[in-house]
Amino acid sequence: MSGTRVGNRIIGADAPVTVGWENIGRVEGGPIKQFVFTYFQPFFLFSFIAFWYYAPNSIAVASTAFAMALAFRILLLGLEWVNPRYDSWRLTWKEFATDLFYVGLGYTILRMVDVYIGDGVIIEFVQTSFDWESFSWFTAMPLLVQALAISMIFDFGQYWMHRGMHNWYPLWLTHAPHHYITQLNINKGAVGNPVELFLIGLGVGGFFDFLPRAFLIAGAIGVTVGIYQHINVRFNTPAWWRFIFNTTEHHSVHHSQDYEATRSNYSATWIIWDRIFGTCVDGEAEVLGMEGGRRMDIRETMHFPFTEGYKSTKAWLGQKLKPQLASDQHREPAE
Amino acid sequence: MSIEESLSPREAFERLDPLLTTAGSEYQIEGDTLTYSKENPAAQDKLATFTSGTLSVANEGRQTRLNYDVGSTALLLCLLAPLLFLGFAQLAIIANTFHEPEAAEEAAEEEEEEPAELHWLDAMLGAPEPEQAGEEDEEEKDEEEAHSPTAAYVLAGIFAALFVVGRILEPWLLRRTLRKALAGTLELPTTQIKNDAEANASIAPHIGGTGER
């Protein structure tokens, strides 16, 4: 496989990756279907933003945001059924149940742990350690500017955490199980080792003071943009959207079986960060996963970072101590 | 399950072969009985839910009868999952008993901050003013202060429902798959066939011999 040159890199040398927007698939069907799957994403993005911008204070609360996000997720599950991007990514009962298990962990035990060691605690520590009053002018900015700032700052943090995971072995050990997914579906973002899910959830946006409504609008951007990372739906996503936002196409490249392609498209929402830092690859891939598409089960996902870490450390120590032992053996006995 | 075609056990098993030669599968035939097992099959494996079983073929005149007895670890785990989430709910309740005094203390100490003013542009566009101090919803406050077991209860319920759905749906799909395979009309996705072939070649060193028949 020869691959395609993107900047200094060759993408798709190990496994098939389609590079370039002009080469990726389009929605097939009549004009109504074309219309729906072309404007679906912008419609819901702007609708959600408008809702949170104008919702009365009594409605603009976290529980409403949770209910809306859940309803939207169910709608997207329906779309996966109606217009899948690849038949080979069809959601099965077993895959759904497995994904839901990880989602469940996120909403229960991980949330509990997060109270004690999560970003809330870190943010509180940082806020009490420094004088952040100088940033209070943030709250005087227009709501949408605040929301964009929250979303972009948070995503900036996620970008570097994610990039760190692909470049520093101890962090990679926690992230690797997520790369064993062999298809993208709406809940696949939750699949991974809990340590990684905790790390990727750490945000830096919370260091600054913003209006609560701005947080809700920022959350709406996450719900109506970031959610498409792991989805099996074919959209005719508008070019402007693809330029600034992450898409399922970008993220499928990141999950492909091609090693070089996995080292791209790190952001969760704003692909513009990847463009700025030179890690963006526009394209898509169907064949995903690691080790030729081996599926990792729940048990292995839970222990992988620890058992692999143990094996690697043991091997590393073995290498380090080997020359020492060898030289000891060859040493002449003392008289 | 039976089909309107007379097949010898060997012919029947040959037709079932594509279902049993996927990555991670092993099977053996003894006379008219086939025993199979699958080690963590691929997501799109047609027998992904039923990872072990015995199939036996009986020729009944013009008909071929396939008797199957299959097992599913996935369904078993789904049946047990509600217990795990009920356990998490209990853990949340226990954690609250340690957490509550601190939370109450914090709430008491919390200062009533002056609300920030809305930017003139937002005021002009009609966005609601920020909440005044002390106007916060008490219910919301309670949710923030403690571990809520609600999500765990909801998930326990969802997994119980998911088990019922799976218990009905998956055997029905299995029957349909086996019937199609025996009739020779089963179509496997091209990518799956390709994946399986590649996976058999590439993952064998990693999973110690699975992928062999």
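H1(A) passes H9(A) in a right-handed crossing (right-handed if the near helix is turned clockwise from the far one by less than a right angle, left-handed if anticlockwise). The model is a predicted one, where local features need pLDDT of at least 70 and side-chain atom pairs count only at pLDDT 80 or more, while totals for chains, interfaces and linings use all residues. Residues are numbered from 1 along each chain as its sequence is written, chains are lettered from A, and ligands are numbered from 1 in the order in which they are written.

H1(A) packs against H9(A), residues 212-225, at an angle of about 165 degrees, and their axes are 9 Å apart (axes are lines fitted to C-alpha atoms, for helices over the stretch in contact, and angles run from 0 to 180 degrees between N-to-C directions). The pair is therefore roughly antiparallel (over 145 degrees; under 35 is roughly parallel, 65 to 115 roughly perpendicular and the rest oblique). On the H1(A) side, the residues in contact include Phe44(A), Phe48(A) and Trp52(A), and on the H9(A) side they include Leu216(A), Ile217(A) and Ala220(A) (contact means C-beta atoms, placed from the backbone, within 7 Å). By class, this contact has 11 nonpolar residues, one polar and one charged (Ala, Val, Leu, Ile, Met, Phe, Trp, Tyr, Cys and Pro count as nonpolar, Asp, Glu, Lys and Arg as charged, and the others, Gly among them, as polar).

Most residues other than glycine have a negative phi. Asn265(A), however, has a positive phi of about 50 degrees, and its place is in the loop between H12(A) and H13(A). Asn265(A) counts as buried, with 27 C-beta neighbours inside 10 Å (buried means 20 or more other C-beta atoms within 10 Å, exposed 12 or fewer, and partly exposed in between, with C-beta atoms placed from the backbone). Glu291(A) also has a positive phi of about 50 degrees, in the loop between S4(A) and H14(A). Glu291(A) is partly exposed, with 16 other C-beta atoms within 10 Å.

Next comes the place where the chains meet. The contact takes 39 residues from chain A and 44 from chain B. On the chain A side, H1(A), H3(A) and H4(A) each supply at least two residues, and H3(A) gives the most, with eight. The chain A side divides into 19 nonpolar, 10 polar and 10 charged residues.

Chain B holds an open sheet of five strands in the order S1-S5-S4-S3-S2, with antiparallel pairing (strands pair if DSSP finds at least two bridges between them). S1(B) and S2(B) stand at the edges with a single partner strand each, so one side of each has no neighbour in the sheet. Nine bridges join S4(B) to S5(B), with Leu55(B) opposite Tyr68(B). Their hairpin has two residues between the strands, and there Gly61(B) takes a positive phi near 65 degrees. S3(B) and S4(B) pair over five bridges, with Thr35(B) opposite Thr54(B). S1(B) and S5(B) pair over two bridges, and Ile3(B) stands opposite Thr64(B). Helix H5(B), residues 150-183, lies across S1(B) and S5(B), running at about 140 degrees to S5(B).

Terms used
Helix = DSSP H or I, 4+ residues; strand = E, 2+ residues; numbered from the N terminus. Contact = placed C-beta atoms within 7 Å.
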